[in-house]
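My entries follow the structure.

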Amino acid sequence: MSTSRAAVEAVVTGIGVVAPTGIGTEAHWQSVVAGKSGIGRISRFDPTPYPVRLAGQVPGFLAREQVPGRLIPQTDHWTHMALAAAAAALEDARVDPAGFDDYDMAVVTASSSGGTEFGQHEMERLYLNGPSWVSAYQSIAWFYAATTGQVSIRHGMRGPCGVICCEQAGGIDAFGQARRLIRLGSRLVVSGGTDAPLCPYGLVAQLSNGKLSQVDDQARAYLPFDVHASGHVPGEGGALLIVESAESASARGAGGGYGTIAGYAAGFDPPPGSSRPPVLRRTMERALEDAGCPPSEVDVVFADAAGVAEEDLAEARALTEVFGPRGVPVTAPKTLTGRLYGGGASLDIATALLALRDGLIPYTAGPGTLAPGCDIDLVTGQPRELPLRTALVLARGYGGFTAALVLRAPDPTSPPQANPRRTPGEDKGGTG
């Protein structure tokens, strides 16, 4: 990559959230700061026959209020939430796609399970009624790239489009690709992800990895880094964000937006039983190197927080190796939502940018006593107010995917941002 391309900054100018913690950026942020959980008993279907009955579900989401009616029967719940989040992010960024050349706008999303619920219903029709009952939209609604395609079509975005399928790590990898596209000349990229794995077929598929918590107590089911860690809680939703070149954002008066994508790296763990170590430490170091950021400049880490004892210990050790024992505040607000797979890392990125905006580290609800060897400064009990300039977001996906993203707050000497700090209760970035 040429020096000129590498010098192009990618800034985030809009955020759209559809999550168990709320619909809308500020609704989500207020829930996170207050430690208000979105985890409860699964209500999208009867979970009684299953060993896992808790999940993070988006409250009050009605597709007919968020998505054009003709698209609802053509697409899965996962895509409905992404369409709502994309529209909210564009509104938050004060972007009218009509003001851009079609080929200057791109879409890159993360996907994990695809259109699971849509696919389940079509299989039910096939086996109960025969092939003539299967919708023609089955061929596209389940597909991992369906959300990217629908967002690009709805907003006339005809630049480079794609989908990243790396489970929980995919949200970070999508932002790495968004920055790459900005450096290659795109003016604007819609990036992030959502997921909707809460249907019988989706839950059974998740159960196969043995990492879901079967604890029925909402407050105790998902306890990363804790002595009582028992696995994670699944969830739906996520976030889509608007990434622009700093030059383009400045030209239209958006200033530095919420912050800059300063560094990115990805890696892949060796197979089980290998003598090689996990790649998380090296991935963090490469992301920091890419950002030109020494570990001492990182103000907060948003952890992957698997909730599985051995994976938590591996992450804690990697953090200690890079930052020293208790060397940096660590938080995992995903204990309020569950792990959202394709939507999880992008929601963490959105939350990290809001933390930088407000100088406030949200706390990790749930954990009480850290497991032996987890020598990290996990923020618990209440938010921690600090001057924040740099955040590191981590994610690991099932199968070995690993990614790290470095975010920087806007330069305080730069022109005013398009999205200044808002008063609590004001929800201009929401979707309804």
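Entry 1. I began with the lining of the largest pocket, whose residues divide into 13 nonpolar, eight polar and 13 charged. Ala, Val, Leu, Ile, Met, Phe, Trp, Tyr, Cys and Pro count as nonpolar, Asp, Glu, Lys and Arg as charged, and the others, Gly among them, as polar. The model is predicted: local features need pLDDT of at least 70 and side-chain atom pairs pLDDT 80 or more, while totals for chains, interfaces and linings use all residues. Residues are numbered from 1 along each chain as its sequence is written, and side-chain values use heavy atoms, with hydrogens and water left out.

Entry 2. I asked which element supplies the largest share of the lining of the largest pocket.

Entry 3. I then looked up helix H4 (residues 77-93) and helix H7 (residues 146-155), whose axes come within 9 Å and cross at roughly 40 degrees. Axes are lines fitted to C-alpha atoms, for helices over the stretch in contact, and angles run from 0 to 180 degrees between N-to-C directions. I recorded H4 as therefore oblique to H7; angles under 35 degrees count as roughly parallel, over 145 as roughly antiparallel, 65 to 115 as roughly perpendicular and the rest as oblique. By class, I noted eight nonpolar, four polar and one charged residues in the contact (heavy atoms within 4.5 Å) of H4 with H7.

Conventions: Helix = DSSP H or I, 4+ residues; strand = E, 2+ residues; numbered from the N terminus.
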